[in-house]
Amino acid sequence: MNENLFTSFSTPTLMGLPIIIMIIAFPALLYPTSNRLISNRIRTLQQYLINLILKQMMAIHSPKGRTWSLMLMSLIIFIASTNLLGLLPHTFTPTTQLSINLGLAIPLWAGAVILGFRYKFKTSVSHFLPQGTPILLIPMLIIIETISLFIQPMALAVRLTANITAGHLLMHLIGAATLALFSISTSTALITFIILLLLTMLEFAVALIQAYVFTLLVSLYLHDNT
Amino acid sequence: MLSRVVLSAAATEAPALKNAALLGPGALQTARIFHTGQPSLAPVPPLPEYGGKVRFGLIPEEFFQFLYPKTGVTGPYMLGTGLILYFLSKEIYVVTAEMFSSIATIGLLIYGIKKYGPSVAEFADKLNEDKLAKLEEAKQASIKSIQDAIDMEKAQQALVQKRHYLFDVQRNNIAMSLEVTYRERLHRVYREVKNRLDYHISVQNVARRKEQEHMISWVEKSVVQSISAQQERETIAKCIQDLQLLAKKAQAQPVM
């Protein structure tokens, strides 16, 4: 079933057809909608959580920035649900693929930057030069700031990919260690299993935190530029 | 589109109908009926209160009921155990590293759900109840304010019925004060008239007294003037003689 360590990260195919599109679209099926005022528990909780996150995240933005609310909410829900679903056994997590994360990060970051350059040119350009720098350092500092600006989408994408991939790999490795130690000495296997439990708890947290961090950073870039 | 074909065919059959064919599709469209469904979704049908019953959180109760007539109570459990052992022994499900991580993940999930499930469900119920309570509160506040308005209106109407008491009291008050003023003025008139009459009386009294005094003094003066010197001496001697007699009488008394 899994020949080497990395088969769980390969693009899933079903009888030769890539079903990656369906896997990416799948989490949307898990969130019910209804046009009632009072619904069942899961819908109430969903409403409550989305309201909470929305208020927390969009409070700092101006009305122009708040036009991005739908985008950012969809982003955080997508990343959180794909990360959490990836923790189940034998599942494929789209966010482990750099392609998907770059596809999320670059357009959002570019949108924010272009928005800033179009509507507030002076403010956007002034971000390249922090206040109170000595005159001699200005050229170097501008180059450094430009590089740091262009690194932002790369950092976003690679951060998410690396975190999730590393978590999955670690779980896989420790699981393999437990399996190998099971026939040698059961108590060591038990200790390793406890380590696995702790790691799983961490993974749950990381899944949610990464989603939050990604969306927060995008919203920060947006705040800078609106 | 087919209607146009039909109409053009009809037009070729009967040239008199050609004008009708030109208007045909439009007439058909105007005859079409829209909005045949219900105009609103209310009242929304109620949601079921509890979900379907499941065992092990996955397998619906209906499956057990389905197998019960043929295999009894332990049937589905035997089926489940057999399936799992079959998959394991035939290596359809391979024991890999993933198995341990899946045990860890699913174990953690089950533990979390069992531990925090009821409290989260209570929280969700409370959210719904709060929403309903807020709306109910708004409704009750509206009803209450209208009821208060109605009560105030009724009270005002009742008060209007009793207004005549107030008017009677006011009328009595005014009559009394009028009476008091009248009597006061009457008394003043009386006093003024009495004053004037007293003045006249005292003027008369003074005049009469003056006349009397004047007459007395005139009579005294004329009497005193009429007493001559001779008469005065004789009167004085007689008085002295009387006094000496009286003195002798008086001296005689205490001795006894």
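With which residue does Glu136(B) form a salt bridge? In this predicted model, the partner of Glu136(B) is Lys139(B), and the closest N and O atoms of the two side chains are 4.0 Å apart. Both residues belong to helix H5 of chain B, where they are three residues apart, or about one turn of the helix. Glu136(B) is partly exposed, with a relative accessible area of 39%, and Lys139(B) is likewise partly exposed, at 46%.

A second pair within chain B is formed by Asp168(B) and Arg171(B), whose salt bridge has its closest N and O atoms 2.9 Å apart. These two residues lie in helix H6 of chain B, which covers residues 163–226, and they too are separated by three residues, about one turn of the helix. Asp168(B) has a relative accessibility of 35% and therefore counts as partly exposed, whereas Arg171(B), at 52%, counts as exposed, the boundary between these two classes being set at 50%.

A further salt bridge links Asp125(B) with Arg41(A), with the closest N and O atoms 2.9 Å apart. Because Asp125(B) is located in helix H5 of chain B (residues 97–161) and Arg41(A) in helix H2 of chain A (residues 41–58), this pair joins two chains. Asp125(B) is partly exposed, with a relative accessible area of 28%, and Arg41(A) also counts as partly exposed, at 40% relative accessibility. Over all chains, the count of salt bridges comes to nine, among them the pair between Asp125(B) and Arg41(A) described here.

Definitions and conventions
Residues are numbered from 1 along each chain as its sequence is written. Chains are lettered from A and ligands numbered from 1 in the order in which they are written. This is a predicted model: local features need pLDDT of at least 70, side-chain atom pairs count only at pLDDT 80 or more; totals for chains, interfaces and linings use all residues. Side-chain values use heavy atoms; hydrogens and water are left out. Helices (H or I, at least four residues) and strands (E, at least two) are DSSP runs, numbered from the N terminus. Buried means under 20% relative accessible area, exposed over 50%, partly exposed in between (1.4 Å probe, protein chains only).
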